[in-house]
Amino acid sequence: MNKSLRIPLVLILMFAFISLANRYLDKGENVSGEDADMSVSVNEISHDEIDVSEALFRVNDIDNYFFLKSLNYHLMSYFQGINQGDVDMELFESEYLEFMNLDENAILKRFSSLENIDYDVLSYERVDDAYIAHLHFRDIGKEPRYLMSISVRDGHVTDRPYLFIEDVKKVTGSPLFSINVKRKAVFLDYEIYEIQIQNKKDEELLVDSGMYGFYAIKGNNKYYHRLESEKLPYELAVGENRRMLIRFDVRNPEEIYVNIEGREIRIL
Amino acid sequence: MVKNILGILLLVLVLVMSILGRSDEMAAVVPEHEVATNEEEEEMFGHGGVLVEYTRDDTVVPIEGFEMVDAYLDPHEKQRYEDLLTVYSSYLPLCASYNPQVFFDANSSNIGRYLGVYHADEFAEINQRMLENKIGKESNVDRIRMLDLQQNGRLLNAHIRIYYGEATIDMSHRLDYLYIGNQAYLFLYSNGGVTHE
């Protein structure tokens, strides 16, 4: 062989054997790198790797499809719990449950006349960081259909169009009673106020139980109330300190009044 | 002269060895979807199933026993369900991880999209079963077998077996069909670590 060919040839042979040797050594190496006994390869932390064709979903707006899938997951979970009589309370917003004093029985009671609920979503909207789904539901195969709105936020639901709770902390006092408007829960088109009334009299304190016993004012409109807490007589016993949940179908009323023993008391 | 010829032959040999090694590597990248029939399995499950092949898309996974869907879904929705199962079975092995909590936190959006799993504990159960069944990110889905399909209210509860070569895994999921606005939607949600009994 020519001496000029010898060195290049040796180098090529060395390179070839080293490459082949590396290739076969790689095949024998444990890919996981940690547990030499495992026979599958796994992912170290990978961030949103996508290796499937989203075209397979055959939808016009894939992002909206995925969003609705997530939204419906929470609606489906809610109604599955209702249908099975076994509600996962962790599905709910805890702050809302505490404010409304709701437990599993109270949630199930709302649907006590229905056996197997089906629903469809009429529409949905985003309000701040919550999604409000407006839907109708019914016993499968039966009429009538009922309407309700469900709020979904951060993986939690409420069975109303709930938005948030905020402090009010407005106290109105007299020698006979004390009224503390503590907080309010804000919903899409109404508010529920947590009102603590304490009877300081030596006898019963009479709160007007009529529609306008509590009322709200906004502009030229007057809004009657609905009692959302436990249905007790509006009369407070001696020394009683009662928590009441009072609903007005208006957002951000300008004034709120309560009629106590014939007197209109402005409490907000 | 002879020595020069030997030198040239050696060079040619090195070239051939390099090409052969490279072709092996290329062959491993191209997935092979063998459509296998297993008479013993068909007898065992009694479906008399014929593997249903679809030729419209080379990524579609054959689904045996898929005709049981006919009783519940119209042809259009059946086609959508098939697509969802293809995505589900393809994406599942990519989620194999020794750190399921961390992996879930990093990939929660896609795990929800493709597997219909929205809780880390459910994902951890599924992940554990994958590892136990020797299914990892290198696994390629060969076919799916419908084991059972039952209606529960509006939902369809399905049990399937997914074949990744020699490895298999039984999975359970819910299919939800509903209207949102005027549009019909079909969503697939995993049932966590539930297995078919």
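These are my notebook entries on a predicted model.

**Conventions.** I counted local features at pLDDT of at least 70 and side-chain atom pairs at pLDDT 80 or more, while totals for chains, interfaces and linings use all residues. Residues are numbered from 1 along each chain as its sequence is written, chains are lettered from A and ligands numbered from 1 in the order in which they are written, and side-chain values use heavy atoms, with hydrogens and water left out.

**Chain A overall.** I looked up the secondary structure and found 4 helices and 12 strands (DSSP runs numbered from the N terminus: helices H or I, at least four residues; strands E, at least two). Of the 268 residues, 44% are buried (under 20% relative accessible area; exposed is over 50%, partly exposed in between; 1.4 Å probe, protein chains only). The accessible surface is about 14700 Å², with 49% of that on carbon and sulfur atoms (Shrake-Rupley method, 1.4 Å probe; for residues, only the protein chains shown count as cover). Among contacts with a separation of 6 or more, 53% link residues 24 or more positions apart (contact: heavy atoms within 4.5 Å).

**Strands 5 and 6.** In chain A, strand 5 (residues 162-173) and strand 6 (residues 177-187) run antiparallel and share 9 bridges (pairing takes at least two DSSP bridges). I noted 3 residues between the two strands, which form a hairpin. Phe164(A) has Val186(A), in strand 6, as its bridge partner.

**Helix 1.** I located Val10(A) in helix 1 (residues 3-28) of chain A. Val10(A) has a relative accessible area of 43%, so I logged it as partly exposed.
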